[in-house]
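Take a look at the model first, then try each task before you read its solution.

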Amino acid sequence: MRDDTRRWIEADQAHCWHPFTRQAEWCGCEHEPLVLVRGEGVWLWDSEGRRYLDGNSSIWTNIHGHGHPHILTAIRAQLERVAHTSFLGFTHPGAAELAERLCKLFPGNTLERVFFSDDGSTAIEVALKMAVQYRQQTGNAQRSGFIAFANGYHGDTLGAASLMGVGRFFERFRGLGYPVHHVASMDELRGLPGAHFAATAAVVIEPLIQGVNEMRPWPAGMLVELRSWCDDHGMHLILDEVMTGFGRTGSMFACQQENVIPDFLCLAKGLTGGYLPMAATLTTAAIYDAFLGDGGRAFYYGHSFTAHPLGCAAALASLEVFEQERTLETLPAKIEHLRLGLATLKSRHPVIHAIRQCGLIAGIELRQPDGSHFPPAARIGEAVCLAARRHGLLTRPILDTLVLLPPLVITLSELNHALAAVDAALEAAIPPLSLSAVTPAGFLT
Ligand SMILES: *Cc1c(COP(=O)(O)O)cnc(C)c1O
């Protein structure tokens, strides 16, 4: 190991605290974290010079690959003008242009207003607060709760986290956020007693596919049904497209596949092409109008870096790359190639229990050949991902589901590399492992 690598690892283990991580294991002397230092296209390099395919798009963010010249040029040009100015009391060209471009991605008179923030969680916070304040200002102050879906994930700040249907993440904080009622399906939603609606501001869902729920797609047509149920019940619909937005599912936005327009649309991860933290909450004129009038009706919310100029520059450049490279038109061939490759993989490995795919998002669920789950302590998903590293693929599992969610720019041969790495990793990790569960990386999934 190089001296600088060792120094960075020591400083990290002495002072950094990582997200969703068992720190005792992370800091264990047998664990050697990868120090990532460089990226180009779908590839990342560590400080030892080893190359890996970025199999989960750097936690579901990257769209056009790393180091894309058009995005770099746009960020640099903005940086030369000014890095950051306040959006409180001022505006700037990037924010104005980006808001306009985002709205133009939807039919006229639908989503017309954009509120910028910093992360997926804050995009959700904004939608939740707007939804509640809207009810207060339209004579329905009692409608302060939400309906969300079982096993959903909407971020980790307290408001967003209170929507959380993933018990292992939020159980200890239950009751501290918004009042939320969880349902598992449209049928369950339809069966709810009316008293529930009377206390509910909006319904929140990840359209087409739940990411953190081991990449589980919803039944086709469900989003249309949900939209019409919301219309029938005077309920607002908040769509969390933080993961699905910007082409991941094969269309620019997941909701377009079912021709659904929400009342609030939350975007983040891929908004800047995955280069900078930035988020947007889009909403309709009908909601916006309820915030006009005397000062008390204003939306008192904001962050220091709201509408960050560098983020806006990156986001505008990313939208330009979608046009220049006709990114969406390249996707069907890649999605089909991935589908075939995953089917081959499944035929070769009895431990693959299920393949779930939505566009360029794939979950590969591992179970014992008899169909039962591996003992959680075996941490099979982690073990396979660790083995995949040795074959030049970086990704992380959700429980025992391996995730493949590559940058959209990936080529067919790069997809083959990713699939071959999973194949080799399953080969290497499954038979000899015999559930002895030695996994150096301390990831909690
Ligand atoms: C990642 C994610 C979030 C949270 O976004 P952050 O930027 O991590 O705060 C919210 N919803 C979904 C569906 C996500 O995938």
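**Exercise 1.** Is aspartate 231 buried, partly exposed or exposed?

*Before you start.* This is a predicted model, where local features need pLDDT of at least 70 and side-chain atom pairs count only at pLDDT 80 or more, while totals for chains, interfaces and linings use all residues. Residues are numbered from 1 along each chain as its sequence is written, and side-chain values use heavy atoms, leaving out hydrogens and water.

*Solution.* Step 1: learn the scale, on which buried means under 20% relative accessible area, exposed over 50%, and partly exposed in between (1.4 Å probe, protein chains only). Step 2: aspartate 231 has a relative accessible area of 49%, so this residue is partly exposed.

**Exercise 2.** Find the salt bridge between aspartate 231 and arginine 227, and say how the two are placed in their helix.

*Solution.* Step 1: a salt bridge needs a side-chain nitrogen of Lys or Arg within 4 Å of a carboxyl oxygen of Asp or Glu. Step 3: aspartate 231 and arginine 227 are four residues apart in helix H11 (residues 222–232), so about one helical turn separates them. Helices (H or I, at least four residues) and strands (E, at least two) are DSSP runs, numbered from the N terminus. Step 4: arginine 227 is buried, at 12% relative accessible area.

**Exercise 3.** Which parts of the chain does the pair glutamate 25 and arginine 379 tie together?

*Solution.* Step 1: their side chains meet in a salt bridge (2.8 Å, N to O). Step 2: glutamate 25 lies in helix H2 (residues 23–26) and arginine 379 in the loop between strand S14 (361–366) and helix H15 (380–389), so the pair joins parts 354 residues apart in sequence. Step 3: glutamate 25 is partly exposed at 22%, whereas arginine 379 is buried at 15%.
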